[in-house]
Amino acid sequence: MDLHILDHRLRVTSISKNGLVNFTHPLIKLIFLRNRTRCKFFSLTETPENYTVVLDEEGFKELQPSEHLQVESSVWLPLNVVSNGNASSSSQAVGVTKIAKSVIAPLAQQHVSVFMLSTYQTDFILVREKDLSVVISTLEEEFNIYREVGGESVPVHCQDVHNGLQKNGKEAIQPTVHPVLIPQNQFCVMSLDPDTLPSIATTLIDVLFYSSSPKEGAQSTPSQDLDCIKFFSFSLIDGYISLVMDTEAQRQFPADLLFTSSSGELWRMVRIGGQPLGFDECGIVAQISQPLADSDISAYYISTFSFDHALVSVTSALPHPANEKFAKNT
């Protein structure tokens with residue numbers, strides 16, 4: 001298999017809910033007017049707490065400093081696994097579980113923190129730029145590693161990046177067991193032809209910027225708030241669009257413009273973390289993806305500024321190791 005270090009230097013940011021009005025113009029520009037920016041990697045995910053925005057350095061220039069904007073201090077590099085050219089893995093499972101044993105677990109063992117972003121098209125594993133030498137030394141036996149430079153894939157040789165740095169060699173520590181919440185929403189993972197983006201502009205703006213909850217206008221109780229959570233993700237990366245939304249939000253969009261897999265798979269969410277997770281803890285993704293991979297269960301995984309989210313097919317049950325290892329937060 002091949003591992004590609006993509007030609008993007010990314011920043012991970014958070015916009016507070018009450019501060020969104022200060023960023024509406026730059027976000028609309030990044031989503032709908034991509035020809036007016038040089039941003040090639042943009043992802044916006046709304047959760048109940050905030051908006052997580054992951055974008056490259058050109059896109060980051062559009063976000064002005066503000067008390068409503070939090071910026072994680074590191075520069076992140078996206079990695080992408082390619083199996084058999086562009087063919088999918090022979091394993092039945094797709095998404096993060098496809099790379100759980102070959103990428104996620106080895107990096108966790110070497111204390112490398114990752115930030116996951118699954119899309120309709122592929123899975124991006126974000127690692128801190130300062131950890132790149134450890135990442136390469138950890139994965140070079142399993143993968144042919146390439147770095148994209150100016151659109152060309154250049155082989156990475158160990159002597160090019162190690163500079164005397166070896167694997168961390170620290171004793172593996174037991175990761176914290178975080179509580180999980182399993183909301184009742186069912187989610188869709190879809191894509192959209194970028195040329196048809198203007199056709200859904202009004203709906204997309206309404207869902208992203210004006211919809212306060214999955215059941216807007218409905219009477220709710222605190223227990224109902226835990227049953228269904230607001231989660232909407234839009235990514236525009238190298239010209240490809242990916243959307244993740246619940247079935248209620250999906251009904252607001254024209255059915256003939258959004259497309260998904262031929263099976264029309266629906267997904268349930270496992271939301272990880274009782275308190276904001278932070279960025280330095282290692283092994284969270286591995287802790288979730290490993291038991292799913294052992295049971296050959298497909299899963300998409302989306303990290304955000306505060307919490308992590310795994311999407312599992314509604315036709316799949318969580319494997320017993322996951323049921324025993326994680327406590328449901330109710």
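## Charges over rings

In this predicted model, the charged end of arginine 11 is placed over the ring of phenylalanine 60, 5.0 Å from the ring centre. Lysine 17 lies over the face of tyrosine 51, at 5.5 Å from the centre of that ring.

## Aromatic pairs

Searching the whole structure gives nine aromatic pairs. One of them joins phenylalanine 41 and phenylalanine 124, edge-to-face, at 5.3 Å centre to centre and with 70 degrees between the planes. Because phenylalanine 41 belongs to strand E3 and phenylalanine 124 to strand E8 (residues 123–128), this pair ties together parts 83 residues apart in sequence. Phenylalanine 41 is buried at 0% relative accessibility, and phenylalanine 124 is buried at 6%.

Phenylalanine 187 and phenylalanine 231 also form an edge-to-face pair, with ring centres 6.1 Å apart and planes at 90 degrees. Phenylalanine 187 is in strand E12 (residues 187–192), while phenylalanine 231 is in the loop between helix H7 (222–227) and E13, 44 residues apart. Phenylalanine 187 has a relative accessible area of 0% and is buried; phenylalanine 231, at 2%, is buried too. Elsewhere, ring pairs link Trp76, Phe115, Phe279 and Phe305 into a cluster.

## Helix H6

Helix H6 covers residues 201–209, and its buried residues are Ala201, Thr203, Leu204, Val207, Leu208 and Phe209. These buried residues pack against helix H1 (24–32) and against strands E3 (41–46), E4 (50–56), E13 (232–237) and E14 (240–246).

## Serine 102

Serine 102 is part of helix H3 (residues 100–109). Its relative accessibility is 13%, so serine 102 counts as buried. Apart from neighbours within four places in sequence, serine 102 contacts Met1, Leu139, Glu142 and Phe143.

Note on methods:
Residues numbered from 1 in each chain as written. Predicted model: local features only at pLDDT ≥ 70, side-chain atom pairs only at ≥ 80, totals over all residues. Heavy atoms only, no water. Helix = DSSP H or I, 4+ residues; strand = E, 2+ residues; numbered from the N terminus. Buried < 20%, exposed > 50% of the residue type's maximum accessible area, 1.4 Å probe, protein only. Contact = heavy atoms within 4.5 Å. Phe/Tyr/Trp six-rings, centres within 6.5 Å; stacked < 30°, edge-to-face > 60°. Lys NZ or Arg CZ within 6 Å of the ring centre and 35° of its normal.
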